[in-house]
Each structure stands twice: as C-alpha cells, then as structure tokens.
Amino acid sequence: MAEAHQAVGFRPSLTSDAGEVELSAPVLQEIYLSGLRSWKRHLSRFWNDFLTGVFPASPLSWLFLFSAIQLAWFLQLDPSLGLMEKIKDLLPDWGGQHHRLRGVLAAALFASCLWGALIFTLHVALRLLLSYNGWLLEPHGAMSSPTKTWLALVRIFSGRHPMLFSYQRSLPRQPVPSVQDTVRKYLESVRPVLSDEDFDWTAALAQEFLRLQASLLQWYLQLKSWWASNYVSDWWEEFVYLRSRNSLMVNSNYYMMDFLYVTPTPVQAARAGNAVHALLLYRHRLNRQEILPTLLMGMRPLCSAQYEKIFNTTRIPGVHKDHIRHLRDSRHVAVFHRGRFFRVGTHSQSGLLSPRALEQQFQRILDDPSPACPHEEHLAALTAAPRDVWAQVRRSLKTQAQEALEAVEGAAFFVSLDSEPAGLTREDPAASLDAYAHALLAGRGHDRWFDKSFSLIVFSNGKLGLSVEHSWADCPISGHMWEFTLATECFQLGYSADGHCKGHLDPSLPQPQRLYWDLPDKIHLSISLALRGAKTLSGNIDCHVFPFSHFGKSFIKRCHLSSDSFIQMALQLAYFRDRGQFCLTYESTMTRLFLEGRTETVRSCTREACNFVRAMEDKEKTDPQCLALFRLAVDKHQALLKAAMSGQGVDRHLFALYIVSQFLHLQSPFLDQVHSEQWQLATSQIPVQQIHLFDVHNYPDYVSSGGGFGPADDHGYGVSYIFMGDDVITFHISSKKSSTRTDSHRLGQHIEDALLDVAALFHKGQRVKRGGLGEGNSEHSCGSLPCGTRGSRAPTTATNF
C-alpha cells in the first residue's frame, strides 16, 4: 500500500573499497550474501520444514510403507528386488540372535529411502505444476482443457490437509523476465504521459541501455535467481524500506479500520481485552501452523513467508540502514495511555489470560491517575523522526533506559489507549470518518510506536484501528490477521449485556508494570524537534474516506467484468477530471505465487485507458463507442495484472537492474530516468480474504471498512478501496494540504461521479450527463442503476453502540 512512496524515494547508498579492476566484487558478494541469507532462513525454519517438508505425504505414510514391506517380507516376497539383502550385508554382524533385528533395520532403511524418493518426486512434480501460469491468461469465465488437466493434477499432488508452510518447498522461484520485454513494456507504459519529444528521448536512452549495459546486468540477476530464494525481494526490503531515512509515519505505515457502522461495545477496556486476546489467539494458531495457506482458485497456493514476522517484531533504526528484529516469543504487550508506558503480561502460569482478565488490566491503566514524567509523553515522537536522527538518539536512550526500551521493542505488539473517541458519527458523518482515518494514519505524532510491526489503537468510545509498519510484510498479511481479529472478538468471544468481556475478574493478577524512562538532558531537545516534525507531517495530510453505496461488486460481476479493473478505469477518469491530464499510476499487486514473492506494480494508465477517458469527455461519442473503449481498457488492465502476478512485470525487474548497476558503478541514464519518475496516483485494493468469517447477507454492517496510506508524491494522491460485501465500495483517499493541485474531497467527488458515469454505459437510455473539467458536479439520472437514487457519499446515520 504505502510502498509507492518508498519506491520513489529510495536512493541506494553503496560503498566499496575495491579498486577499478574489482568493481564486480561487491555485486558478487551481495549475491552470495543473498543466497546465504536464504539458506539461513531455511535453517531457522528447520522445525517447520521437519513438520511440513514431507508434505503432501505425512509421517504416517512412512509407517504404512514400512508395514507393507514387512508384510511382503513375511509372505516371502521381496519388493526391494534384492536391495534389502544388500543393506543387511552392510550392517554390522551382532550375532545370530540379532539376525531378525538386522532384517528389520534393513527394511526400515529401505522404506526410508523409498519414502524419501517418493516425497522428493512429489515435491518436484508439484513445483513443476505450480510453475504453470497459463491459468492466469485464460479469458474471464473460460477454462481451457490444459488448465483443467493442470487443476486435476495439482489436486492429486497437493495433499489433503496442508499447514500454513506446507507448500513453501514446492513453490517455484520468481523468474527474471527478458530485459528486452521489460524495456518494451516500460516504453509502452510511459507513452500516454510523455510528449513526442520526451518519448523519443526516453526511447533513445532505452536503446542505448539495451546495447551497452543490459546483458551484463541481466547476467548478474540470472545468477542471483539461481542462488537465492528470490532475485528481488530481499533487495526490495533493504533498499526501498530499511535504507530509507524518511520518517515512517505517513511515508511507510498504513492503517486498517474497524467495522464502519457498528461498535460492538462502547467500553474501551473491554474492546481492548477482546481484541488483544483475539490477536494472541491468531498468534497461537500461527505458531502451530493452524492457519490455512491462501489458495487461489482453491488450488494454487501463495507464499506464506511473510506471516513469520507479524508478531514480536520491531524495526530497529540505524544510522545508514535499519534492521528488523524478530523474537521467537513475547509474553507481554506495551501499552501507551496519556503519555505513560506500561508493560502488560499476556500469560499466566495456566496460559493465555482471558479477555476479562485483560480488560481488567487495561481498566487499571485507564484508572491510574499518575502523571507522565517530563518529556515521557512525547517520547514516541522519536519513532516518527528521520531514521538516522532516531538511531543516534536511541543509542543514548538504550544506555539510560534500557529496561523500558526493551519492554517496548520486545513486546508482542504495541497498544495505544487513546483518550479521544473516533469513528462514524450521526452529527457529521463525512468529517468524522476523515478524522478517524487521520487518527489511525498519524495520530498526534507522539502516541504510536511506529517501529513496531503493528500498533493496536483503541479509542475511548470502543472503536478500534490498526497502524502497520510496512517493511516486514504487505497489506494482505496484516489484513488476514485483522479479519480474524474482528470476527473473533465480535462473534466468538462476544460481550456481556453491560458491554464487558465475558468471564470473571482475577483479583490475583499483578498490577500492570509502569515503565520509567531516565531521559538525559541531551535527549529533551531531540524529542521536541521530533515532535515538531511529526506534527508538521501529520498536519499536512488530508484524509478522506467515503462508502460508495450506489452499487458494488455484484453489479460489476453482472457486467462480466473484473471488479478491480472496473475501479481502476473509473479512477483514471476521475483523476483526469480532477487534474486535466494523465499521470503514471501505481497499482500494487502481489507476486506471492513465487517463493518469498512480495509485490509488483501494475501501470494502470495505459493507452487504452486514455482513449476511454477522452471518449467519455467527448460529447460527440456515443454510449456504444465509450463502452467498447471501456472494455478494451479493462482487457488491457487485466493483461497487465496477470503479467505482473506471473513475474512478468516491469518495475521490480528494472529496480533490480538498477541495484546491480549501482553495485557495479555503471552509470545508466535510462535506469536513472526510470527511478526519477513520480507516481502522482498510487492505488491499492484491500482484499477480503476470509469472507466465511462474516455473514455479509444477514449482518452487512459487520465487515471491515479497509484502510489507507499516504500519498506517494507531494502533489499526488493515495487511493485504496475495499469491496464491503456485494453492494458497497469504501474508498480511502489521501493527499497533502501543502499542494495547491490536490484535494482529497474533490477527488472523492470525481470518483463517485466517474463510477456512476461508467455504470450508466451499461444501461441504454440512461446516459449520465457528464461534466467536463472545472464544470463542478454533474447531474445524474440513475434510472435503472442499482443505486436507486443518488445521495450523499457518507451515510446520514450511524449505528454506534
């Protein structure tokens, strides 16, 4: 989600002491280290690999095979064709009385070798099957005979009861695309936004790159793809995230919202108790691999590696580069309330604390009248400071307040008990949602520990939210956890009639431990400067959230279109009406079809999309003409999306080539040009992955309303969207108030108008009167549109309990 900003702002700082003759040494060393890190990760996952490495077989299958061999031997049959006799001869001779034991050991060794060979064959077969991506290229709603055969074979080789990491050994590695294809696709993507002169100049740079440098850089990437688990993901994490010196707040974090229309309880401590308990239940299931792997089409597994760092993880600042610290376990959470920090244990001798016990601990913190110590209240603003500044201050803090710092950084996650309410209100629905989003994204600049993998935010009226640091994983991972948390705390754990957690108080629980910080004088100024910078950054963000309830995913499906492509084309139309021009558009999609894959960029502003937008703004064009161009634009977007998912995208390949060129000290004007581009429209869809946890038909209000992120450019927009059930789409828009070119609310109005205009194309005689740029709001005649009559974007009432 927030990766677009990081991708634009990264500048690799590579140093080498080698002479000119050894310029290639650093890149070879880095490739070697990448592979070494991959093998270390495999070793650290030894127990998981032991449990899941035999998948799709099972340890019981070895016992079955051994028993079958023993039975055959008893019946005087030799299934080994003499191999067991040879194995028996190689075993030590322990005397006649142990002759039978030698036979059993020989059978066990033969069974183990045969079992291992069968498992290896299954792994190789499954990896080869999962390398097939033809199913992605199938037309919407159609399936060819080869794909049907492939699905049947995957079903046969996949086993019946996979655990979370069962498929990791069978996932294919992300391929390195052809550099010629990548450059061709890049030039095609920038053509709509460049003048003829600029495009000719860029094309000349591209040809020079292909002629002089591409083959050498590509060779190094091929070498890395053979040696490391993924040719790009570790560099993406390091150079885009960990080496960035910008503030994490707004630039690298994103947020997730609670239910939009309902709050299960207004009791703050109770909501915190159930939510923390649900999160720790998720961690328990994660540790036991009881979370099912995500399967596309119910059959194609996605990589689960990112799940490993959800909990007990902190991004530790460094002067030049941060690092991610992950603990195997943590039995406490760090809590912030009214400028004070607390350590709250989550387990007793009998196991995980009950929701009621956790509520009791949080209520004790809320009732604690003790004031914050000087400068303690604003201490967390340091985590929102530039990373090199925070790294230097942290060194002093670690020597003066090591115990308190370790309690926060070593926590399972961070909990912020806010003193203000949040969420949708009846009095001012639109403004209250905008304030809710802003509170989750930035807060007050000093009430979130932005280094933690995620912070749970509980407002005074019981509303929840999540602030997530981006480097350790991408949005679908935290989204999966958040869906489980909301469903579990509301539907399974539930609340009593008076709004408290179910269960009984535990008077024997010790009081939450107050953390005290011995802050030296030289840190005081750093805290004040960090707070000033955080408030400036926070105050500059313009957030706008609105639920679009005129139609949703069900209407788009009835049009036989991809819902994501439908929204992306509407966003192109809305942006053009907002700015009067086209721009490079960043849409994030996943590459988790491959081992340790993360994301790829879909460049949604295509020539086909621009033709459609121009037609919509041309009053001489008819509905059938616009609709035909719309379908062409949707088809093109789907082709780009599928190519990106299958490892044939543009941006990650160009990024990796750029990194290699920096290691080799090769100047490439073309790659410099590529990585100087600005993404003025960054977009992302938040997927709903566990719809079975929610009853959207009987309880449509009990669905997560998604989340958002900051803009990637000072003069751009960040737009995310989520399909809430079948009939609502919630949009989250961000921009910077300092820009005179952007306005989140204005773009929101254009998005609504664009969606209605596009929907009207599918209804003859219901053509929407289109307003051009600067004409203000359009008047709509929805007619038979599924929305009925047009109303305001935000609901006029809220069901807040």
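Two strands pair if DSSP finds at least two bridges between them. I take helices (H or I, at least four residues) and strands (E, at least two) as DSSP runs, numbered from the N terminus.

**Ground rules.** I am reading a predicted model, where local features need pLDDT of at least 70, side-chain atom pairs count only at pLDDT 80 or more, and totals for chains, interfaces and linings use all residues. Residues are numbered from 1 along each chain as its sequence is written, and side-chain values use heavy atoms, with hydrogens and water left out.

**Whole chain.** I looked up the secondary structure and found 25 helices and 20 strands. Of the 801 residues in the protein chain, 60% are buried. Buried means under 20% relative accessible area, exposed over 50%, and partly exposed in between (1.4 Å probe, protein chains only).

I traced 6 strands in the order 14-20-19-17-15-16, with mixed pairing. Strand 14 (541-548) and strand 16 (599-603) stand at the edges with a single partner strand each, so one side of each has no neighbour in the sheet. From one strand to the next, the twist averages 20°. Angles run from 0 to 180 degrees between N-to-C directions, and axes are lines fitted to C-alpha atoms, for helices over the stretch in contact.

I then checked strand 14 against strand 20 (residues 728-736): they pair in the antiparallel sense over 8 bridges. Phe 546 stands opposite Phe 731 in strand 20.

**Helices on the sheet.** Helix 22 (residues 623-645) packs on the sheet and touches strand 15 (585-590) and strand 16. Contact means heavy atoms within 4.5 Å. The direction of helix 22 makes about 160° with that of strand 16. Helix 25 (residues 744-760) lies across strand 14, strand 19 (717-724) and strand 20. I note that helix 25 runs at about 25° to strand 14.

**Helix 10.** Which residues of helix 10 are buried? I list Ala 214, Leu 217, Gln 218, Tyr 220, Leu 221, Lys 224 and Ser 225. Seen down the helix axis, they fall within an arc of 160° (taken from the directions from the axis to the C-beta atoms), so they line one face of helix 10. The face turned away carries the exposed residues Ser 215 and Trp 226.

**Two phi values.** Most residues other than glycine have a negative phi. Val 250 has a positive one, near 75°. I place Val 250 in the loop between helix 11 (233-242) and strand 1 (253-257). Val 250 is buried, at a relative accessible area of 2%. Arg 338 has a positive phi of about 50°, and is partly exposed at 37%.
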